[in-house]
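Hi everyone, thanks for coming. Please have a look at the sequence and the structure on the screen, and then I'll walk you through a few places in it.

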Amino acid sequence: MKLFTLYHHVRVLVLMLCMVLWVHCDIPDDLSGAYLHGDFNCAILSSIHSRVINLHNRTRPEPFICSDFDLGSYLESLAAIHTIEEINDSKFLPGIKFGYKVCDPCASPTKALHCLEHLLAINGSLPVLSDFSDFRPSMKAVLGERYSELSIAVAKLLSLYMFPQISGTSSSPVLSDKLLYPSFMRVVPSDVYQAKALAKLMEHFSWSWVGVVYGDDDYGRAAHQSLRNETREKVCLDFEEVVPQYLNHVDIDWYIKNAVNTIKASSAKVVVLILKDELVAKIFKEMIQANMSRIWIASDAWSTYGPLTKMQDINKVGEIFGFSFIMGNIPGFEEYLKTPRPSPGAKNDFIEEYKELRRNCSISPLNCGVGSLRSESGGLRYSSRPQKLLKCNDTACPGDINFPPWQLVENIRSVNFTLDGISHSFDKNGDFMDGYDLLRWTKSNDSRIIDVVGKFLLKKGEVELWSEYQEITLPPSKCSESCPPGTSKDLVNTVKSCCYNCTECPEGTYTNKSDEDSCHDCPKDQWSTKKQTKCEVFQYTYLFWSDVYPIVLLVAAAIGIAVVLTSFIIFYVHRETAIIKMADMKMSSFMLLGLMVSFVSVIMFIDRPNDHLCRAQQAVYGIGFTLCVSSILVKAFRTFLAFMIFEPNTKHQLNKLYKPLINVLVRRVPQDFNDTGVIIFSMLIHLFVWLCFIPIYINKNKTEQQHIVQASAVLASNYGIIFCHVVPKCFIVLWDLSWNSRSAILGRLRRHTRQNTENADITVLQDKSMEPGPVESPQAVGTISQDDLSAVKILRNVLNEDRGSVNSTQNRHARVKQRHTTN
């Protein structure tokens, strides 16, 4: 197992301080658990203990008593010390000895400030000045802290002095704010980018339904908010539980149990833990007892926590993935860990404390029974970066080394170097912009091994798995089942975007991937049916001129046009006859014109369609249909008005309750003038034809027959009107003239009038203009009103013709009769 360290922090400072001169160090007091006198020194803040005893009951400013030895932080401090000693042994800075002080904040922000006062003190006190431009403490920079919560507290105070602080693990986004923390820098990315990496990992494995447990401190809250921002569109959070970060919180066990109960009750199979490693150990213990597993995603706070890999029954909790900062090898560190000891002139009480705890097996149940420090540090990794800033020659590094620390800030920010072919530098926020290693806790017997299985580079913005791990298959975690290709998510009726129903793509749209938010429109000249995964080029089906159906349609249309033209000629030639006058030559001409236009529209249904032809089909037929039916309606209304006035009582009732439908049905008209039956019958044919047409036309499975059906319907309805309205009148005009002479029609009209008069019990005044023919004697019961007489005159005017026309008609009829008799 490779081991890594934060030694690059120290090397950054060392290389940037190449111009320092001799600085005499004060002898450290008991706040420094480890120290080495040097020509210039750096302060190391490392929470080697993870809690302060009874901090919540503290009522007096008494000394802090720490407990719970933290192996991870202890190793970090050893890595920093080892790096400093390696630099001193290598003569990297000729003539200069690098010193350090290590202070343990015990994971408490308050004690971290106490450490800071001690490290910055001059002759045992921290001066209060109006201007700190010339403030020259023996410490020139601060390395740490591990936790963002502590780094934030320290950075606020250090910003007063513009004292440089460099962290290798504090990744809270708030520390990027240079207005609040102008002298803080870190050699890792902000947690904003870790949230991006987590979101990309979930997207890679199709995890859209996850839960989050985070710590209630600056680091946890900021990381949680960044994760919410990054996963808002693609990932839904089923639950978001918060746990106090302080391990000695009085209700910490209650919060842990509550979080575990939420995890167990949730349908989410993936849980993100943004917590300290000790809190993660508590959650895993509860999950193991409940015999439940999940897929866990670790934040950088615990993704490399070695002791947790050896937790009893750790393999029962499920898969574990996580991100850590990009790492590098630490030459000689594994050998150093075999027999850790202070270098000559140095002191390290933490090493002695560790050895004593090991002998008594009182560090933690996670660490007991492990034979060496080397194996305990199993999965621990640290970031590593050399820096070259100081221009020292082979023999010395000249210059005044007693400089105020604020002069280092600008120099550190301008660092730019290349390592392993990758360029590294601070951005405008004082953050490194490299990326993360993707880790997987692989099962190995009864423990886990932390393997690097991929990377997330900020410049690329994608998770990259090594080739040997690309075939990893993991169970999905979704609120809803995936929508297969050909469907899309129904996001309208959902509360959370990850919980949805699937809807089929309508015609003309498609989806070729799973879980599409919407269906895509087909390109121009392409189409699709319902629930399709692709669009296809239009397959044109239309009527060819040489096909059987088009030929039949053309013949039928041609016959119809011929009949219409012949009928018009007959109507025009016999326009002075009574039957044609009753038919109203003008309206009949418009009706015939409408039929002609409708027949012409049938021709447009043949041959390859286009936009203009398709529009013309419906428009031409619509014009013809409207013209024809309107003419029929005018003729019907004319007849109705002429005869409604012969029944005053009926007229009076209809005026009170006038309804067009009733008027069409309650009216009795003389047979010679009664077109009602013909109109009704022709319209019923028309209605029947088009009612049969509609279900066939809208049948999507028979779209190729639509033109045939519509053209046939046009022909059928047109022929219905011809045989009901036109052919009978042509027959009467040509072959039945005696029955339709003027005198015969007027005689039948008089008899109809007399019958209506008798039924109405009124007197009919003699009208000599109704001759020839005898007139019945008037009855003295009543008189016909002037309005009723005017109706008779209207009908008489309709039939009015020259006297000579009667004789000519009779003579023509006699000739026809003689010809028939001869035959």
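Let's start with a pair of helices. Helix H7 (residues 252-265) and H8 pack at an angle of about 55°, with their axes 10 Å apart. A quick word on terms: axes are lines fitted to C-alpha atoms, for helices over the stretch in contact, and angles run from 0 to 180 degrees between N-to-C directions. Helices (H or I, at least four residues) and strands (E, at least two) are DSSP runs, numbered from the N terminus. H7 and H8 are therefore oblique to each other. On that scale, angles under 35 degrees count as roughly parallel, over 145 as roughly antiparallel, 65 to 115 as roughly perpendicular, and the rest as oblique.

The crossing of H7 and H8 is right-handed. A crossing is right-handed if the near helix is turned clockwise from the far one by less than a right angle, and left-handed if anticlockwise. On the H7 side, the contact is made by Ile-252, Asp-253, Ile-256, Lys-257, Val-260, Ile-263 and Lys-264, and on the H8 side by Leu-279, Lys-282, Ile-283, Glu-286 and Met-287. Contact here means heavy atoms within 4.5 Å. By class, this contact has seven nonpolar, no polar and five charged residues. Ala, Val, Leu, Ile, Met, Phe, Trp, Tyr, Cys and Pro count as nonpolar, Asp, Glu, Lys and Arg as charged, and the others, Gly among them, as polar.

Before going on, a note on what we are looking at. This is a predicted model, where local features need pLDDT of at least 70 and side-chain atom pairs count only at pLDDT 80 or more, while totals for chains, interfaces and linings use all residues. Residues are numbered from 1 along each chain as its sequence is written, and side-chain values use heavy atoms, with hydrogens and water left out.

Now the overall picture. The protein has 23 helices and 25 strands. Of its 823 residues, 51% count as buried, where buried means under 20% relative accessible area, exposed over 50%, and partly exposed in between (1.4 Å probe, protein chains only). Among contacts with a separation of 6 or more, 70% are between residues 24 or more positions apart.

Back to H8, which covers residues 277-289 and includes Asp-277. Is Asp-277 buried or exposed? Asp-277 is buried, at 0% relative accessibility. Leaving aside neighbours within four places in sequence, Asp-277 is in contact with Arg-146, Ala-301, Trp-302 and Tyr-305.

The axes of helix H13 (residues 548-573) and helix H15 (residues 585-603) come within 9 Å and cross at roughly 165°. That makes H13 roughly antiparallel to H15. This crossing is left-handed. Among the residues making the contact are Gly-560, Val-564 and Phe-568 of H13, and Leu-592, Leu-595 and Phe-599 of H15. The contact of H13 with H15 divides into 18 nonpolar, four polar and no charged residues.

H15 has 19 residues and reaches 28 Å from its first C-alpha to its last, close to the 27 Å expected at 1.5 Å a residue. That expected span is 1.5 Å times one less than the number of residues. The buried residues of H15 include Leu-592, Leu-595 and Phe-599.

Which residues does Ile-722 touch? Not counting residues up to four places away in sequence, Ile-722 touches Gly-560, Val-563, Val-564, Leu-595, Phe-599, Val-727 and Pro-728. Ile-722 is found in helix H20 (residues 706-735) and is buried, at 1% relative accessibility.

Ile-606 is buried, with a relative accessible area of 2%. The residues in contact with Ile-606, beyond its neighbours within four places in sequence, are Leu-543, Phe-544, Trp-545, Pro-550, Leu-554 and Leu-613.

One last stop, in a strand this time: Met-139 lies in strand S6 (residues 139-143). Met-139 is buried, with a relative accessible area of 1%. Its C-alpha is separated by 6.5 Å from that of Leu-120, 19 residues apart along the chain.
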